[in-house]
Amino acid sequence: MSKMAQCNTKRLTGAIAASLLVCILAQGSAQAGPTNEVFSAMPQSNTKLVAPKAFTPAPANAVAAPGAMDLAGRGGSPETRWFEQLDAICFKGYPTPLEKSILSRTFNQEAERVQEWSAVAAAVSTRYRNTAKSLRNLPVPSNWTEMDQYREVRADWFDDAATIYEDMIRPRKPARTIEELNAQLAEISSRAEQLGETKKINREMDRKLRRAYHIHAPLETDALNGYITGQSHK
């Protein structure tokens, strides 16, 4: 294969891989909250029971009442404050709109675009590494086992995403045949798809914890919070 052909195949590999990664690694949409949560009113074992009063007020409107992920609880419980810190760390770790645009555009055989893509990919991978480190440095009380596990899987995701970008910009021997090129693309596609599946699993874990501890949706990406504050989110 000629040098020109090798260069073209290398650029093609990068272009296809870039599209795959941006679709999967870019920040997803806001977490969807439950539409109608019902919670038990049974007292705990250590709750003191009292005799009912003569007048019992009408029950609150279950539809209008705040749900498990409602914004009314922001900044309240220790669990809520912890989630807000985690959300802020993760949000700052994602690519900016400009970076996502650069990573998703085609090269069009332009060396400048290839260089710019590589520079942005390097910056994003470094930020991902720092985000994973910041997540692992976020203190978790010893009895918060589920929170600790969730923090670790989120940190692992950022590390895994950083590894893919690092592998893509690392100098490598150009493909000599179409079969070898296809194998490289298939390997990148497989890793990116697996990372996407991991993100879905993490999202379900996130929703479960927020519902269990009455944690609101991430403020940085929640559509309702954006409407209330007049801010547009990524």
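Predicted model: local features only at pLDDT ≥ 70, side-chain atom pairs only at ≥ 80, totals over all residues.
Helices are DSSP runs of H or I with at least four residues, and strands are runs of E with at least two, numbered from the N terminus.

View 1. Residues are numbered from 1 along each chain as its sequence is written, and side-chain values use heavy atoms, without hydrogens or water. His-214 follows helix 6 and has a positive phi, near 55°.

**View 2. The pair Trp-82 and Phe-83.** Rings of Phe, Tyr and Trp (its six-membered ring) pair if their centres lie within 6.5 Å; planes under 30 degrees apart are stacked, over 60 edge-to-face, the rest tilted. The count is 10 aromatic pairs. In one of them, Trp-82 and Phe-83 have ring centres 5.4 Å apart and planes at 85°, so the pair is edge-to-face. Both Trp-82 and Phe-83 are buried (under 20% relative accessible area; exposed is over 50%, partly exposed in between; 1.4 Å probe, protein chains only).

**View 3. Trp-157, Phe-158 and their cluster.** Trp-157 and Phe-158 also pair edge-to-face, 5.3 Å centre to centre, with 85° between the planes. Trp-157 is buried because its relative accessibility is 4%. Phe-158, at 0%, is buried too. Ring pairs link Trp-157 and Phe-158 with Tyr-94, Tyr-128 and Tyr-165.
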